[in-house]
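Trainee: I would like a close look at a single part of this model, and then an account of what else can be read from it. Please keep it plain.

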Amino acid sequence: VGPDGRFELSEAVASGYKGPLDIAGFHMKFGGKSGEPIFGPQYDDAAFKQRSMGNWSTLQSGVNSEVQALAFYDNKLIVGGNFTSAGGNDARYIAAWDGTSWSQLGTGMNGAVCALIVDKNRNILIAGGNFSSADGTPASRIASWNGHSWSALGSGAQEGGVLSLVMYGDLVVAGGTMTKAGGIPVNHIAAWDGTSWSALGTGVSGIVIALTVYGDNLVAGAGLAADGISMWNGNFWSSLGSGIDGDVRALAVFRGKLIAGGNFTVAGGVPAEAIAAWDGNSWSPLGSGMGGQVWALT
């Protein structure tokens, strides 16, 4: 299974294994243009909870499948994922929690929502994923919500989905598996200025799973890429030292350092178990690291 959840048939064939496929502990859905199987962790439907005053509590009956993205917009918690109901009511892949009850955002999407951000400059919520419409309106892999209705961002992303979003100045930057945005070639990453899409140089060689802003730079974490991580200064891409030897799935900034998490064992030539810090010049491990893979940082 690749970092984006897709089953790599060619790798399975090359391994010579001919036994059954055990998917215990995984949730499977069919996505992409070819309808290929996509795998993710199996979640307890009632496990979506909030913590207050030291105790965990459920948000009513929660959602009926996995949550992949969270954002706070219009004084509500916005939840995106692969679910079709929230609080026992219909909610297609996206829903809002106001502290008391769940509600839909229009009629939702027709496919999974993988990423959410708030564009404070335009006071809109941006959702990215593997859908082709929002509230019945054509919206290819990305759409905006103004509190009342959904709108497409131009012709959106094509030939792949949106897995990550970030605000870079006034630009909405989308990363994922797509190779086109607004009809123009892009290499897994593109920027929307409110009117049109543009490529960011030559893009990123691997699937962009995570995005963040570090100082004045945009940082992209990738799977299936040569060095796992790249930095864009507004004009060109550069590597961060000798990079990371695996997939970068999560990015954050902490105490002036860029923190990268994922599925790797070496960062900048230094042993680093799944998590490492970049200080602007070199990589360093965070203690003894993690015993498994890091999927999220905040």
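Is His-188 buried or exposed, and why does it count that way?

Mentor: The model is a predicted one, and what follows should be read as such. His-188 has a relative accessibility of 11%, so it counts as buried, the cut-off being under 20%. As for its place in the chain, His-188 lies in the loop that runs between β21 (184-185) and β22 (189-192). Its backbone deserves a look too: phi of His-188 is near 75 degrees, a positive value in a residue other than glycine.

Asn-123 can be set beside it. Phi of Asn-123 is near 55 degrees, again a positive value in a residue that is not glycine. Asn-123 also sits in a loop, here the one between β11 (113-119) and β12 (124-129). Asn-123, however, counts as exposed, because its relative accessibility is 52% and the cut-off for exposed is over 50%.

Next come the aromatic rings. By the rule of ring centres within 6.5 Å, the count comes to five aromatic pairs. One of them joins Trp-97 and Trp-102, with 5.3 Å from centre to centre and 50 degrees between the planes, a tilted arrangement. Trp-97 and Trp-102 are both buried. Trp-192 and Trp-197 have ring centres 5.4 Å apart and planes at 50 degrees, so this pair is tilted as well. Trp-192 counts as buried because its relative accessibility is 10%, and Trp-197 is buried with a relative accessible area of 10%. Another tryptophan, Trp-295, has the charged end of Arg-249 over its ring, 4.3 Å from the ring centre.

Strands of a sheet pair through backbone hydrogen bonds, either parallel or antiparallel. Here four strands make an open sheet in the order β28-β29-β32-β33, and the pairing is antiparallel. From one strand to the next, the twist averages 30 degrees. Ala-277 stands opposite Ser-284 in β33.

To return to the request: His-188 is a buried loop residue with a positive phi, whereas Asn-123 is an exposed one.

Notes:
Residues numbered from 1 in each chain as written. Predicted model: local features only at pLDDT ≥ 70, side-chain atom pairs only at ≥ 80, totals over all residues. Heavy atoms only, no water. Helix = DSSP H or I, 4+ residues; strand = E, 2+ residues; numbered from the N terminus. Buried < 20%, exposed > 50% of the residue type's maximum accessible area, 1.4 Å probe, protein only. Pairing = 2+ DSSP bridges. Axes fitted to C-alpha atoms, helices over the stretch in contact; angles between N-to-C directions. Phe/Tyr/Trp six-rings, centres within 6.5 Å; stacked < 30°, edge-to-face > 60°. Lys NZ or Arg CZ within 6 Å of the ring centre and 35° of its normal.
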